[in-house]
Structure formats: C-alpha cells, structure tokens
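Work through the exercises below with the sequence and the model in view. Try each task before reading its solution.

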Amino acid sequence: MATAGKVIKCKAAVAWEAGKPLSIEEVEVAPPQAMEVRVKILYTALCHTDVYFWEAKGQTPVFPRILGHEPEVLYYFLSFDVLSIVESVGEGVTELAPGDHVLPVFTGECKECDHCKSEESNMCDLLRINVDRGVMIGDGKSRFTIKGKPIFHFVGTSTFSEYTVIHVGCLAKINPEAPLDKVCILSCGFSTGFGATVNVAKPKKGQTVAIFGLGAVGLAAMEGARLSGASRIIGVDLNPAKFEQAKKFGCTDFVNPKDHSKPVHEVLIEMTNGGLDRAVECTGNINAMISCFECVHDGWGVAVLVGVPTKDDVFKTHPMNFLNEKTLKGTFFGNYKPRTDLPNVVELYMKKELELEKFITHSVPFSEINTAFDLMLKGESLRCVMRMDE
C-alpha cells in the first residue's frame, strides 16, 4: 500500500458537542509517531462510558471528539509493499507484525513502570486512563483533523473511526482465529466485570455471590461467578425486568430493594444465613456500594466495588464491619493487565468456557451509530456491535 508516512482519509463518527447526534465525517488520520501504531478498525461496540462522556454531565467537556473504546482491529501497518516490509510504524514498535489481530484498550501496559512490574497492579503510570486528555501522550497533538482542524481523541483509542492511531502499550495481540465481532467486547465492560469476580472477589466453588447492578458489567461479573462454580448467585437491581435476562448468566435469585421495607443488606443476610461469601457492586451508586459491603459474611466475606461514584459521594459504614473481618476491595478494569492478560481471556472464549454471544444483543452498520446510542439510552441493549465495513 502506498500510504507510508502519509495522511489517510476515512470515515469517522464525530461528536461535535455534548448530547447531540454524532456526525459521519471524512477525517484525516496522520501517520503514527514514536511508540504508536495506526490501525484499521473492523468492529467496535458501544459502551455506557461512551454515552457518559458524550452527554458530558459533570465532566470536563472535550469536543469535537471521536469516541469509542471497544473495538476489534486488524493490526495494519497501512504501509507495506508486496514483500511485507513495514513502513508506517512509529519508532520503537517491535513486538507486533503486519496482519496481527489486536484489542485496543482504554488503559495500557508500558511494562516498565512499578505498577506494570508488580504482580498486584494494572495501574500503569504512563498509560493509565485519562478521560480529559484528547491528544497523544508523545507530543501532545491529535492525529485526527478535519480540513486541518484538530479533532480530539478519547481515552487513547477513538475507535469510532475506520482508522485510528494508538499507543502500542494499549494494544493486546490476540489469537487471529478469534471471531472479530465477538471478542471486541473484551476491551472494556466484559473484562471489567468478569475480572472483578474471578481476579478480585475470587469466589470458591460452592460459595454464594451477590451482584449489584445487572447491566452489561454486572452480568459479566455474574458470568465470572457462574464460571467459578458459585452455588447461588443473587442479582440485585431496581428493574425487575432484568431478572429473566440474568438467568442466562447464572442468576438463581433476584432482589429488588424497592420490594422490601428493610435495608437490602439485611434482606440478603437473612436469605443467606449470615451473609454472602462474595459480593460485587457494578452500579456506581453509593448506597449500593455500602450495601454490597455490609451484606457479606463476617469472618470471610469479600465485597468488590466496580462502579464509579460521583465526586461528592462519601462511603460510610461502621468500623466494626472491618473489625469483624469483612473485606472491602476496589478494582480497575478487573485487575487485568491489558497486553499480558487479555490474550488469555480470548483463549477462554476459544475453549468455549466463556459465552460472549449472549452479551451482544444488537448489531448495526457503523453508519447507524446513532441508533446504537438510542438503544443504549433506552436500556434495550447490553452491547451493540457496529460493523465498520457497512
């Protein structure tokens, strides 16, 4: 291809301002700089995070912007001749090859900082998520323009574009046999919820687990409980319609806090003869977070917080809950190191141990991206996968 070192023109869905429909535009995508890769997006999914920052309620508005962070891409150097000579990789990129399939992730793994070297953390100092930064970390500039005007990036990925430029540390090389339209959901929500259960809560076979919030992340956490062999999985949500869907993910019981006059943690303690062995919160609601912790069994119960609270929320509980040996943990991206761990999650799917298909409720062409937003806003979609070639 004759694109080495050249700008590529392609289609992208641009958010010009908060809450307004995205517009399909022709954008220019600059060549990658040092430690960057230009990739072609094949499939991308819509996540609540995209909607949250598109609405820009309570955050710093960064517009115009290209959103998107749950893609599947073919690692495509965009510039190699018939001899497969790579020409358009930024300086320093050595561990990927033309034709590799990769998952871009909103948080990275530089493999050099203290967090990356630690077995206990995935909070990379260099590539940790930054929702306010709309430029590349190398030179502080955007790789997107429209008629010369810069268009901001989103969490280092901006996958609502046919081509994008991403730091190599945010790309996880995966099995090329993995179906592209399924594993794209591993880039954010699924891994966050699933990892919260299997990597952080770590329920033992036969234990009881409660999941607070039955959206996509909560159902992924539930999938983790199912795969771990939990004997009883209790779903907690304010929407009773979600119970039927949750049954597909292993949910055995459903509790709606509105149906009870007493606090929901007391209801759960009574249901389980003293409390849950493990509980995972996936709502971001401070009351749900507190209930998640207070419902676990004294002596060995573990509660894991996944949801992001508002900046003014305060977590209040009695210190005796800690003295009674209840454990409270938090997690970021399911404690997965993107480049190291995501390939292994893909292999679980390839071995048919994970059922990703049931998370994908809709599929639309990229040109109908606003339909995907409507489905998410109406609560009708877990994950809507968009096909970039249509």
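The model is predicted: local features need pLDDT of at least 70, side-chain atom pairs count only at pLDDT 80 or more, and totals for chains, interfaces and linings use all residues. Residues are numbered from 1 along each chain as its sequence is written, and side-chain values use heavy atoms, with hydrogens and water left out.

**Exercise 1.** Find out how many of the residues of helix α8 are buried, and what they pack against.

Solution. Step 1: locate α8, which spans residues 286-294; helices are DSSP runs (H or I, at least four residues) and strands likewise (E, at least two), numbered from the N terminus. Step 2: apply the burial cut-offs (buried under 20% relative accessible area, exposed over 50%, partly exposed in between, with a 1.4 Å probe and protein chains only). The buried residues are Ile286, Ala288, Met289, Ile290, Ser291, Cys292, Phe293 and Glu294. Step 3: since 8 of the 9 residues are buried, α8 is largely enclosed by the rest of the structure. Step 4: list the partners of these buried residues, which are β10 (208-212), α7 (264-271), β13 (278-281), β14 (302-305), α9 (320-323) and β15 (327-330); contact means heavy atoms within 4.5 Å.

**Exercise 2.** Determine whether Ala225 is buried or exposed, and which residues it contacts.

Solution. Step 2: its relative accessible area is 0%, so Ala225 is buried. Step 3: leave aside neighbours within four places in sequence; Ala225 is then in contact with Thr197, Val209, Ala230 and Ile233.

**Exercise 3.** Describe where Ser161 lies and which backbone oxygen its side chain reaches.

Solution. Step 1: Ser161 is in the loop between β7 (149-151) and β8 (163-167). Step 2: with 0% relative accessibility, Ser161 counts as buried. Step 3: its side chain reaches the backbone oxygen of Tyr163 at 2.6 Å. Step 4: residues up to four places away in sequence are not counted, and the residues Ser161 touches include Cys10, Phe144 and Met388.

**Exercise 4.** State how much space lies in the largest cavity and which residues lie nearest its centre.

Solution. Step 1: a cavity is a set of points on a 1 Å grid over the protein atoms alone where a 1.4 Å probe fits but cannot get out; lining residues have an atom within 4 Å of a point. Step 2: the largest cavity holds about 160 Å³. Step 3: its lining has 13 residues, with Arg133, Ile137, Val155, Gly156 and Cys170 nearest the centre.

Notes. 1 Å grid on protein atoms, 1.4 Å probe; cavity = no way out; pocket = protein on both sides within 12 Å on 5 of 7 lines; lining within 4 Å. Points joined across faces, edges and corners; volume = space filled by probe spheres on them. Polar contact = N/O pair within 3.5 Å; in protein donor to acceptor, adjacent residues only side chain to side chain.
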